[in-house]
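Today I am going through cavities, aromatic contacts and strand pairing, and I am keeping short notes as I go. Here is the model I had open.

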Amino acid sequence: MNTCKASLAICVATALSFTASAESSSEQVSRQATLEEMQELKRMRDELAEQTREFERRIAELEKKVDDGEKAVVVEDKRVASDASISRQAPTAPADPETHDWEPFEPGKGFVLSRSKWGELNFSVFSYARYLNQDNFEDTYTDTFDRVRELDKRNDIQMQKVTLNFKGWLFDPKFRYLFYTWTSNTSQGDLAQVVVAGNLGYQFNEHFNLYAGIGGLPSTRSTNYTFPNWLKNDHRTIADEFFRGSYTTGIWANGKIIDGLEYRIMLGNNLSQLGVNAVQLDDGLNTVSAALWWMPTTGEYGPGQGLGDYEHHDDLATLFGINFTRSREDAQGQSDTEGFENSQLRLSDGTLIFSNDPFMTGANIRKATYQMAAINGGFKYRGWSLDAEAYYRRMDDFSTIGTIPVSSITDHGFQIQGSMMIMPQKLQGYVGYSKIYGDYGNPYDVSVGVNYFPLSRKEIRINVQGLYLDDSPVGYSSVPFSVGANGWALTTDLIVAF
């Protein structure tokens, strides 16, 4: 009996075990089937997503073709375009989504406000606050003709200058524009204290670009678009200031002749049109200026071919250039104010040749021909830089009322500026010297300064400079020197330039 019970128990246990095993096997089969079904659904989902992306890409291509081929609807009176036509010509959003992908700030351009297939708009600023101390200047200055001038010395803080630039291209990347406002707050009350100007151009290719508007005559290196890439802040040595041309309205061309060799040539109204209106100009285009420069070793010389090796050239960068300017100037077309950036023809003692009775003979000069040549050269290497420029100027063919004691006036001079990066991208030291040799004096200046870049970026810097002047023949309110200045001027500038 007991044997039968034991056998029965074994049979029941075996049956239960078999049943449990069967159920477990069934669950595994079911789970595996579920996993396979889920994987299949995921695969179908991915294929559908890929097909959707392909559809969207093809739709975008077709929309772009339709948009590019669409013609403007013009009403029968061709003087008025319909609203629908205007809407099609200037959509609020570009058809190509890639046009939205750009960096908001680009060195050399500033902030990119807009970029689409219709054009590009960039915004940049140059401005600085300055502390200027001229207390060390002598109170008076006596020129070659024993005329005594009293200096108006300054010791003040000014928000010195503000320049707002809007630049880019319109409808065709080759059609370029530059519009700007430009003011020097120290010159309030002078002519041309506020300038709203610009220029337009077309870039045919790398060898030839043509512009029209207001531009700098390429008379010296500093007027050939090197600004603001200077060691000093917003002023030149007195030799450069004495010999150079300035800004005028005209047409100019520039481009690359071969790799490393570039040119710029300009035909303008006069040496400086700031503060001079159109009716004051004569009826001839008698101002021409040209520059040719060669960068033989590296084919470049840093941003704007400027001064100083902030960029740290590992290979020796070299530059050699030549400039020539000729202009027939008259007294009415030459500004007689100290408006900023004016180019004024002076004797080497600071006397304006178009001023009343410049030679103390009772005579006045009404017209004169100005010719000036400059040569320059420099190198940059591992944070070091050295740049020099020599000048030769001749003024002749005078038209006078009365008699003057000369038939021509010649002056020559030079400048040299050197710098080193004391701390890479942080601290730069520099020195400068210039001298003028003329029949009416041999003035010179010496400058020693540092540039500190607190954010390790070139766009923001602090400039501290000591400038020694000996009988300065040039000057006006927006620079730290004045005509006849003798002694030290001290400046401290906080500069923003992007």
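**Second largest cavity.** Strands here (E, at least two residues) and helices (H or I, at least four) are DSSP runs numbered from the N terminus. I also noted that β12 (287-294) and β13 (317-330) each supply at least two residues of that lining.

For the record, this is a predicted model, where local features need pLDDT of at least 70 and side-chain atom pairs count only at pLDDT 80 or more, while totals for chains, interfaces and linings use all residues. Residues are numbered from 1 along each chain as its sequence is written, and side-chain values use heavy atoms, with hydrogens and water left out.

The second largest cavity holds about 110 Å³ of space. My cavity is a set of points on a 1 Å grid over the protein atoms alone where a 1.4 Å probe fits but cannot get out, and lining residues have an atom within 4 Å of a point. Points are joined across faces, edges and corners, and the volume is the space filled by probe spheres set on them. I listed 13 lining residues, with Arg-221, Asn-224, Trp-293, Leu-319 and Asn-376 nearest the centre. They divide into 5 nonpolar, 7 polar and 1 charged (nonpolar: Ala, Val, Leu, Ile, Met, Phe, Trp, Tyr, Cys and Pro; charged: Asp, Glu, Lys and Arg; polar: the others, Gly among them).

**Largest cavity.** How many cavities of 30 Å³ or more does the structure hold? I found 5, and the largest has a volume of about 190 Å³. Its lining has 18 residues, and Ser-222, Asp-240, Leu-307, Gln-415 and Gln-417 lie nearest its centre. The elements that give two or more residues to this lining are β15 (384-401) and β16 (408-423). By class I got 5 nonpolar, 7 polar and 6 charged residues for the largest cavity.

I then followed β15 and β16, which run antiparallel and are joined by 13 bridges (strands pair if DSSP finds at least two bridges between them). Gln-415 turned up again, as the bridge partner of Glu-389. In the hairpin of β15 and β16, with 6 residues between the strands, Gly-402 takes a positive phi near 100 degrees. On I went to β17 (residues 427-437), which pairs with β16 in the antiparallel sense over 11 bridges. There Val-431 of β17 is the bridge partner of Gly-418. The hairpin of β16 and β17 has 3 residues between the strands, and Gln-425 takes a positive phi near 60 degrees.

**Aromatics.** A search of the whole structure gave me 25 aromatic pairs. Why is the pair of Phe-204 and Phe-208 tilted? The ring centres are 5.5 Å apart and the planes stand at 40 degrees, so the pair is tilted (rings of Phe, Tyr and Trp, its six-membered ring, pair if their centres lie within 6.5 Å; planes under 30 degrees apart are stacked, over 60 edge-to-face, the rest tilted). I also noted one aromatic cluster formed by Phe-105, Phe-111, Phe-123, Phe-166 and Phe-498.

**Charges over rings.** Lastly, I found the charged end of Lys-380 over the ring of Tyr-301, 4.4 Å from its centre (NZ of Lys or CZ of Arg within 6 Å of the ring centre and within 35 degrees of the ring normal). Lys-435 lies over the face of Tyr-437, at 5.4 Å from the ring centre.

Terms used. 1 Å grid on protein atoms, 1.4 Å probe; cavity = no way out; pocket = protein on both sides within 12 Å on 5 of 7 lines; lining within 4 Å.
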